[in-house]
Amino acid sequence: TNFSMNIFLLDAHRYAVGFRTNRVSQVDSNQERDLIKSNFDNLGFESRLLHKYNVLNKDLIFLFGAKFYKGQTLTAQGPASNSTSPNFDFQLDDYPTYQFQSNYVNPNLNYAVFSENVIYLNKNTSLTPGFRFEYINTGSNGDYRIINTNLVGGVIYDTLIYTNQERERSFVLLGLGLSTKFSGWMEFYANYSQNYRAVTFADMNIVNPNFIINPSIQDESGYTFDLGLRGNYRDFILYDVSSFYLFYNDRIGFIQRELDNFIVKNEKGNVGNARILGQELLLNFNLNKIF
């Protein structure tokens, strides 16, 4: 029996300043720049218990684990100086009518339990069923500013929009693996597992003039299937030949959408289902066997 635990803690920040409305080929307009300041605080742990046992003269391996994660992201956006220096201070007094202003707190809570069991049907064939239960709770509490000005810079409309959102979900992911050894240097394997990708509010709060977020954006779900042959021939050639199939339901991506004011922008949202097929080949030669 083997037990392990990994504990992690992060206290970090990332500040980004620059022009996000211009293409790289455009000349610097020397106007105020856009500044995004993000602070990340999170902690968590993941523990695993691995136990080998025997039933009816069959060797079995059981794995059980748990994960806990709690984090918080603070994100603020606003005007920066018009200089070329790496100045990461907001300049709200100099540019009070700057359009892209927001301030958010994004908490994130996630815990999971998972288990696998390797079952040897005989000395050459094994099955590995597994499951994972996930609980995810993401939130967003903050505000963004809408400012409209006329051609001479006069303020026509100025208001703060407050938001307080929460998304809570839980689900179970299943998987199954098969492995069969035909000889000492050839093994066939196949795996099936469900997958999931959660949308976080931290991806949605930033005001970007280059694209918009579909308010109906949802999480992705799907599955992965792969099979292949692998082995080690006399410690000379290590090989792995496999094929895989990935399916994503409601894949997140970008599409072009025409707005009410006839402006066309890229919209980030669920663009459709995706099917991805591929093959992989790995060959590793041991040169010590040659020389």
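**Exercise 1.** In which strand is the place of F64, and is F64 buried, exposed or partly exposed?

*Solution.* Start with the strand: F64 lies in β3, which covers residues 58-79, where a strand is a DSSP run of E with at least two residues, numbered from the N terminus. This is a predicted model, in which local features need pLDDT of at least 70, side-chain atom pairs count only at pLDDT 80 or more, and totals for chains, interfaces and linings use all residues. Residues are numbered from 1 along each chain as its sequence is written, and side-chain values use heavy atoms, with hydrogens and water left out. Next, take the relative accessible area of F64, which is 37%, so F64 is partly exposed (buried means under 20%, exposed over 50%, partly exposed in between, with a 1.4 Å probe and protein chains only).

**Exercise 2.** Find which residues F64 touches, not counting residues up to four places away in sequence, and how far F64 is from L50 in space.

*Solution.* With contact taken as heavy atoms within 4.5 Å, F64 touches S47, R48 and L49, and also V113, F114 and S115. For L50, the C-alpha to C-alpha distance from F64 is 6.7 Å, although the two are 14 residues apart in sequence.

**Exercise 3.** Where is V241 found, and is V241 buried, exposed or partly exposed?

*Solution.* First locate V241 in strand β10, residues 237-258. Then use the relative accessibility of V241: because the value is 39%, V241 counts as partly exposed.

Technical notes. Helices (H or I, at least four residues) and strands (E, at least two) are DSSP runs, numbered from the N terminus.
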